[in-house]
Amino acid sequence: MKKLTSILLSVASALCFIFAFSGCKDEEIKVSGEFYTLKEAYDNGWLVKSDVRNIAFYYYKFYKMEDPNDDIIPIDPQELSEKMQKELKLAYLERIDVIDGTIDKVDIYMNYGIYGNDIVVGVKSDYLMCDIIVEQEFDIGGVVFLDFWQGEILVYHCSEIN
């Protein structure tokens with residue numbers, strides 16, 4: 001009898017542990033915005049030239065390239081919370097139209113900063129395979145990006161940043 005009670009208590013404890021520590025589920029996080037290209041965000045007026053210039057600074061730093069733009073004192077990108085990173089990954093899955101995808105296969109490989117209600121990031125996933133068209137020189141508001149693909153830097157525009 002003691003052995004049966006011990007087994008039942010162990011099973012009950014394991015179930016309680018599983019439910020208590022299951023953590024935040026992806027479906028609990030709501031996507032409050034959507035992704036745009038850097039050019040679209042600039043053209044819509046969500047980013048100004050100084051924002052784009054700051055983003056370019058980190059673009060060149062990340063790729064270890066010489067920056068052809070004027071000198072700048074950069075603003076450090078603000079850290080993204082774990083919840084915000086999950087929201088960005090879910091929004092990215094929506095952008096590339098992956099219905100049953102998991103955020104584990106999405107990577108935010110670069111954070112370019114938060115500018116008002118816009119989070120600028122580099123995102124990639126195991127779900128998207130495409131031919132990348134690279135522009136040798138791409139100009140956004142007078143800021144030059146060399147060897148640039150428009151899908152490389154995405155702007156998450158949302159009503160409120162958590």
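The model is predicted, so local features are taken at pLDDT of at least 70 and side-chain atom pairs at pLDDT 80 or more, while totals for chains, interfaces and linings use all residues. Residues are numbered from 1 along each chain as its sequence is written, and side-chain values use heavy atoms, with hydrogens and water left out. Helices (H or I, at least four residues) and strands (E, at least two) are DSSP runs numbered from the N terminus.

- An open sheet of 4 strands has the order 1-6-3-2 with antiparallel pairing, where two strands pair if DSSP finds at least two bridges between them.
- Strand 1 (33-37) and strand 2 (106-115) stand at the edges with a single partner strand each, so one side of each is left without a neighbour in the sheet.
- Neighbouring strands of this sheet are turned by 35 degrees against each other on average, direction ignored; axes are lines fitted to C-alpha atoms, for helices over the stretch in contact, and angles run from 0 to 180 degrees between N-to-C directions.
- Strand 1 pairs with strand 6 (residues 154-158) in the antiparallel sense over 5 bridges, and Thr37 has Leu154 as its bridge partner in strand 6.
- Strand 3 and strand 6 also run antiparallel, joined by 4 bridges, and the bridge partner of Asp118 in strand 6 is His157.
- Because 4 of the 5 residues of strand 6 are buried, this strand is largely enclosed by the rest of the structure; buried means under 20% relative accessible area, exposed over 50% and partly exposed in between, with a 1.4 Å probe and protein chains only.

- The 14 residues of helix 4 should span 20 Å at 1.5 Å a residue, and its end C-alpha atoms are 20 Å apart, which agrees; the expected span is 1.5 Å times one less than the number of residues.

**Aromatic residues**

- Rings of Phe, Tyr and Trp (its six-membered ring) pair if their centres lie within 6.5 Å, with planes under 30 degrees apart counted as stacked, over 60 as edge-to-face and the rest as tilted; by this rule the count comes to 12 aromatic pairs.
- Tyr59 and Tyr60 form an edge-to-face pair, because their ring centres are 5.1 Å apart and their planes stand at 80 degrees, and both Tyr59 and Tyr60 are buried.
- Ring pairs link Tyr59, Tyr60, Phe62, Tyr63, Tyr109, Phe138, Phe145 and Phe148 into a cluster.
- Lys124 lies over the face of Tyr109, at 5.7 Å from the ring centre; a charge sits over a ring if NZ of Lys or CZ of Arg is within 6 Å of the ring centre and within 35 degrees of the ring normal.
- Tyr112, placed in strand 2, counts as buried at 0% relative accessibility.
- Tyr112 and Ile55 are 57 residues apart in sequence but 5.6 Å apart in space, C-alpha to C-alpha, and beyond four places in sequence Tyr112 touches several residues, among them Tyr58, Tyr59, Tyr63 and Ile153.

- Lys39 lies in helix 2 (residues 38-43) and is partly exposed, with a relative accessible area of 31%.
- Leaving aside neighbours within four places in sequence, Lys39 is in contact with Phe138, Ile140 and Gln150.
- Most residues other than glycine have a negative phi.
- Lys64, in the loop between helix 3 and helix 4, has a positive phi of about 55 degrees although it is not a glycine, and at 78% relative accessibility Lys64 counts as exposed.
- Asp147, found in strand 5 (residues 143-148), has a positive phi near 50 degrees and is partly exposed, with a relative accessible area of 46%.

How values were computed. Contact = heavy atoms within 4.5 Å.
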